[in-house]
Amino acid sequence: MSPHAPPPRGSRDGWLADAWRRVDTRFPQVDAVFDALMAEARVLLPEADLPAYLEAARVLGKLGRGVEPMLVFLEEWPSAAQALGGPDALHDVMAFVMRLQKSPNGKAIAPFLQTLAPVARRLQTAGQLQHYLAIATDLMERTTGSIHGHHTTFPSPGLPPFFEQAPHLLGLLSLQGLKHWVDYGVRNHHHHPERQTDYFSLQSADARAVLQRERRGVLFADVERKLDLYLRAMWAESATLVPYSTAFHELRQPVPYYDALGLRVPDVFDAAPGVSGMDRYRAVLAHMAGHRRWSRPLIADNWSPFQRMAVECFEDARIDRLITREYPGLGRVLLALHPRPVQGACDDRTTSCLRHRLAMVSRAMLDPAHGYTEPLLLQTVERLNELLADGEGSTAAVAEQALAYVARSRRPSDQFAKVWFDDTVVPYRDDNRHLWRFIEDSDDEDFFDDPEKARVRQNELQALPPRHYPEWDHHSQTYRPDWVSLYEHLHPRGNPADIDALLNKHAALAKRLKRVLDLLKPQDKVRIRYQEEGSELDLDVAIRSLIDWRGGAMPDPRINMSHRTDGRHIAVSLLLDLSESLNQPVPGGQQTVLELSQEAVALLAWAIERLGDPFAIAGFHSNTRHDVRYLHIKGYGEAFGEDVKARMAAMQAGWSTRMGAALRHAAHTLAARPADKKLLLVLTDGQPSDVDSPDERQLIEDTRRAVRELDRQGIYTHCISLDPNADAYVGDIFGQRHTVIDRVERLPERLPGLFLALTR
């Protein structure tokens, strides 16, 4: 057994042993990472939801589709459930999986589950996820082929690439836009499998063109943080923002509202004439924040629907007046969004005009230049203005005004079934469910959500959970989000005396290095002379100036000196490729490449320690994208002492080289170091590769992309390759920042010298 593997199943006890029995699997890939996955699940999921999570994993493991669906689900679902706000969506997810399983589309289960967490982070609610699953179901049913039109036989060619691209698509489109984009692809490429694959993988020109056409408006997911800061700063509100989709309501579009669970807003807002999508979000949130601050609920029993409609309209008008009084700049936005009903446009002989009359009152309250001449409307607006002249008024007082207006303006046509709706919908207002309380049972109570009981998580973090990193797909030129699962471990310990023996073996080389290091080692203080102001008097210059003064010459006023610290502001991370190929013997020698790497790293660590630069050492290897191991050998805050030497002495090689994820994780820590120069050294003996990536360019391109990401973070990456054939690929990844050491036996000598040259 590898020294880096988790404990065998027999060593599990307590809850972990029970969890392992529940999943009921013999997949070694799951066994290798099960403990770390359960540590993450117990942090992210409530205790009551864990049995359903384990049962779903067990079902996925019994589908007969290998380890991939089960392993992906164990990795992705905890973060997906956290993004969706609870476990309610698990039933919908598993129902959709079983639907895929019973169809010819079983191979789409893995890509669906793999992108579930990033999709959930974009959608954020279980309701939004249901709409997403409806789009996927529609795509599956319309593109799954059959022989004679009775039984589906051929899998949908567009479904797997659709799932792979879903996080990218939802980053650009609302659910409504996604629905239109999918519908175009199905209608135009239903009978062409190759074109369908190209369309849903975003490789065809029309796919990108339709995507660009549907990219309109402001997506809530892109501005959520700004809106949250806006609420906190301007309205002192910390309520949760929850998006809803506008794509699946043909008859009546939902409107914003708030309840005990948060403020509900559309997932996208198109620009309106003179108003941007962002300003529309601000208007909606300002109106709801005004209600939360100034409105109080009323008892709705024994009030007619017409009366309640009038109360809601008058209260909305009061809130609009108060928020524009608080922030006058909002007045322009509200006026631009509020409809302008035309007086006399509604014929009350054939149509119910109650909504029209109320909309006119609302407009007149907001717009002093409304231009209406109806006497009752003018009297009502005047009374409302008097109510707000000396203060904020109240919901109860406004309700009295509304009831009086309904009584005085009542007409026989108000009972007609035909209702006038033109120019009566105010798009930034909520549905006012918060204004009413019911004493008796009523159907209206269905609108109210019971507040969730607070859940207390009693499970503490027992181990570092896996980190999920994206991977670059060079075919589609997009990222595969959360594609790689990386597990951190502290490297096992060995005998530190072995490293001391290696340093003694290279004592002559260390002696030569010491002379170079003494020249590079920073001095504590450096004098800065000839200063008019300083911390000390420069005696030589002061005496010379005194002589000049007594001799009648102009003395030099720069008689002081100061000091500065002459230090190296460098942080270094050394990343070691610990793949299986390091166990190969050096041609013509007795040692393996791993043993020579040990000697070189020990000398390098000794040299960096003498220079005083903060540095870290870590190794990595991988066994598919589900299991990338990142082994900490030395941390930035540790000295090069017995503990570090013990870990270095136990270095072992195995598995493959998924380098991109390791680079991103090393940069995660290095980027936070306070240093002027940040250097990431990569020591490897071969090109990036893994057993689950048959395309050899795939991981090369991903590593190249990772290096570019590090460049943008200000991290200088340099590769030391021990592969004599590295010239074929290493330049593609690292550009000119690489060194190929053909004679591996010279590594202990070359590596410290190369570091000194890079940091001189």
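This is a predicted model: local features need pLDDT of at least 70, side-chain atom pairs count only at pLDDT 80 or more; totals for chains, interfaces and linings use all residues.
The expected span of a helix is 1.5 Å times one less than its number of residues. With 17 residues (696-712) at 1.5 Å a residue, H26 should span 24 Å, and its end C-alpha atoms are 26 Å apart, which agrees.

At the N-terminal end, H26 is capped by Asp 695, which places a side-chain oxygen 3.1 Å from the backbone nitrogen of Arg 697. After H26 comes Gly 714, with a positive phi near 80°.

Now to another pair of helices. The axes of H14 (residues 277-294) and H15 (residues 305-326) come within 9 Å and cross at roughly 100°; H14 and H15 are therefore roughly perpendicular to each other. Contributors to the contact include His 287 and Trp 294 of H14, and Asp 316 and Ile 323 of H15. By class, the contact has five nonpolar, three polar and six charged residues.

Thr 324 also lies in H15. Thr 324 has a relative accessible area of 15%, so this residue is buried, the cut-off being under 20%. Its side chain reaches two backbone oxygens:

| Side chain | Backbone oxygen of | Distance |
|---|---|---|
| Thr 324 | Asp 320 | 2.9 Å |
| Thr 324 | Arg 321 | 2.9 Å |

Beyond its neighbours within four places in sequence, Thr 324 is in contact with Leu 330, Gly 331, Leu 334 and Leu 366.

Terms used: Residues are numbered from 1 along each chain as its sequence is written. Side-chain values use heavy atoms; hydrogens and water are left out. Axes are lines fitted to C-alpha atoms, for helices over the stretch in contact, and angles run from 0 to 180 degrees between N-to-C directions. Helices (H or I, at least four residues) and strands (E, at least two) are DSSP runs, numbered from the N terminus. Angles under 35 degrees count as roughly parallel, over 145 as roughly antiparallel, 65 to 115 as roughly perpendicular and the rest as oblique. Contact means heavy atoms within 4.5 Å. Ala, Val, Leu, Ile, Met, Phe, Trp, Tyr, Cys and Pro count as nonpolar, Asp, Glu, Lys and Arg as charged, and the others, Gly among them, as polar. A polar contact is a pair of N or O atoms within 3.5 Å; within protein, one must be able to donate a hydrogen and the other to accept it, and residues adjacent in sequence count only if both atoms are side-chain atoms. Buried means under 20% relative accessible area, exposed over 50%, partly exposed in between (1.4 Å probe, protein chains only).
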